[in-house]
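Hi there,

Here is the structure I promised to pass on to you. Have a look at it first, and then read on for what turned up in it.

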Amino acid sequence: MRKDAEKYTKYKKCGATLSSPRMRCPNLGTSYGCDAKPKAGPKGGACYISCMPSTNASTPARRAIPPVPVLSLAAFAGARRAALPSLLDGADVRLVTSGRIAIGLALRALGVGAGDVVLVPAYHSPSMVPPAHWCGADVAFYRVRSDTAPDLADIEAHVAKGNVKAILATHFFGIPHDLAPLRALCDRHGIGLVEDCAHAFFGARDGVAVGSVGDYAIGSTMKFFPVYEGGCLVSRRHRLDVVLHGAGPGFEMKAALNALEAAFAYGRLPVLRMLLALPLRLKSALWHALKSRGTRAGGAGASAAPALAPSSSDSSFEFDARWADKRSSWLSRTVLRAVSPARIVARRRRNYLELQRALDGAPGCRPLFDSLPDGACPWMFPLLVDRPQDVSDALLRAGVPMTRFGATLWPGVDASVCANSADLGRRLIAFPCHQALDDAERAWLHAQARQALEACAAVPA
Ligand SMILES: Cc1ncc(COP(=O)(O)O)c(C=O)c1O
């Protein structure tokens, strides 16, 4: 795998800013992302270029319904106590700006460094890989089964090669795996386990709460809460020796405005929108003026101004080490405390089951999971589709939000590494089932998804 990665990936230290000059990849012809790959040990400010496409390319500019949770008054109504445990229950917690930063901090806490290998599932988001590079480690990819569960025999084979210091295990789409066998394997070999709960902020399997099996667990709060940025590092087994600092007023302002503007864009909080209309217009005018002055003043230099917020909030796979010691914004932390977890769990489960029923019998597809387990709070609804390109093109044309999770894998990860991952990446389309979708939006989503599947099935391949 290391050889493959070298064939496709050329790292280049690019300085300390996120918006550093982009290069073209000589192999793939795509823009370079800005994945962190320091030579040794975590270092703030290091930013490296690799040839991963820097953004999730299947994301259209504007979706007809909110692709992620947005703020509304209703989000604050409802019970505090959810039917399912949360990642934060009974754990030492640090609220950071993204899940990938939390992965980096978890690996660092496990002592991962140069010469170590971190095992990552072959089915993954490319954002899961650079945190290991940030620690100076190499990454190897282990196979998953067709239901996304870790292939323990393949993990054993990797461990037998030596140098494995940590394993990342993911509860994909919010369906908790039984990680007891993997925990036992890690204990036998003295390997650290990081439980990746980016898709599973709430949940339990056989009475075992998500996040309680790993030495450390991470979450991506922005996938479950109506916030612009946010992730968390948690542990129920170790005290966290991580000190965080505020990222400054520019970041706080941007996190708040972006969360509000996302809500306004989908018709939420109309009174607040009216009250803030003038200040928001002034802000936009000021922003445009500053931007055009910067562009006139110095082209590339202008784009090197420090970013106010991490690119992790903008469908990017990038990892910027400057956010490793930054606390999540005040608004994100407040929303996390104030919204109703019970409502999130109940509505996500209801929306998932409703969508499953709506697509029952639709041609050319089947849900990845036969049923929704009682202990699951889903991130999205994953559907396996026979003609994924045609269907996703039709959905994009209609403005339907969706995620082709795993469609972009780390360079070198293909069917020869893991046939199941390649197949899932090719065929899977995940639809939103988050708590902020209202009745009309869900009905529209059901109709559009079914229509796209039926229209594609009616045309010969
Ligand atoms: C399984 C998984 N783990 C970790 C991450 C990283 O989370 P974040 O985007 O909050 O950095 C993602 C992002 O999509 C993910 O899907």
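Ser146 sits in the loop that joins strand E5 (138-142) to helix H4; helices (H or I, at least four residues) and strands (E, at least two) are DSSP runs, numbered from the N terminus. Ser146 counts as exposed because 12 other C-beta atoms lie within 10 Å of its own (the cut-offs are 12 or fewer for exposed, 20 or more for buried and partly exposed in between, with C-beta atoms placed from the backbone). Ser146 and Leu368 are 222 residues apart in sequence, yet their C-alpha atoms are 8.8 Å apart in space.

Before going further, please keep in mind that this is a predicted model: local features need pLDDT of at least 70 and side-chain atom pairs count only at pLDDT 80 or more, while totals for chains, interfaces and linings use all residues. Residues are numbered from 1 along each chain as its sequence is written.

The axes of H4 (residues 152-160) and H5 (residues 180-189) come within 11 Å and cross at roughly 15 degrees (axes are lines fitted to C-alpha atoms, for helices over the stretch in contact, and angles run from 0 to 180 degrees between N-to-C directions). H4 is therefore roughly parallel to H5, a term for angles under 35 degrees. On the H4 side, Leu152, Ile155, Glu156 and Val159 make the contact, and on the H5 side Pro181, Leu182, Leu185 and His189 do (contact means C-beta atoms, placed from the backbone, within 7 Å). By class, six of these residues are nonpolar, one is polar and one is charged (Ala, Val, Leu, Ile, Met, Phe, Trp, Tyr, Cys and Pro count as nonpolar, Asp, Glu, Lys and Arg as charged, and the others, Gly among them, as polar).

Finally, the whole protein chain: it has 13 helices and 14 strands, and buried residues make up 48% of its 461 residues.

Best wishes

Definitions and conventions
Angles under 35 degrees count as roughly parallel, over 145 as roughly antiparallel, 65 to 115 as roughly perpendicular and the rest as oblique. Two residues are in contact if their C-beta atoms, placed from the backbone, lie within 7 Å.
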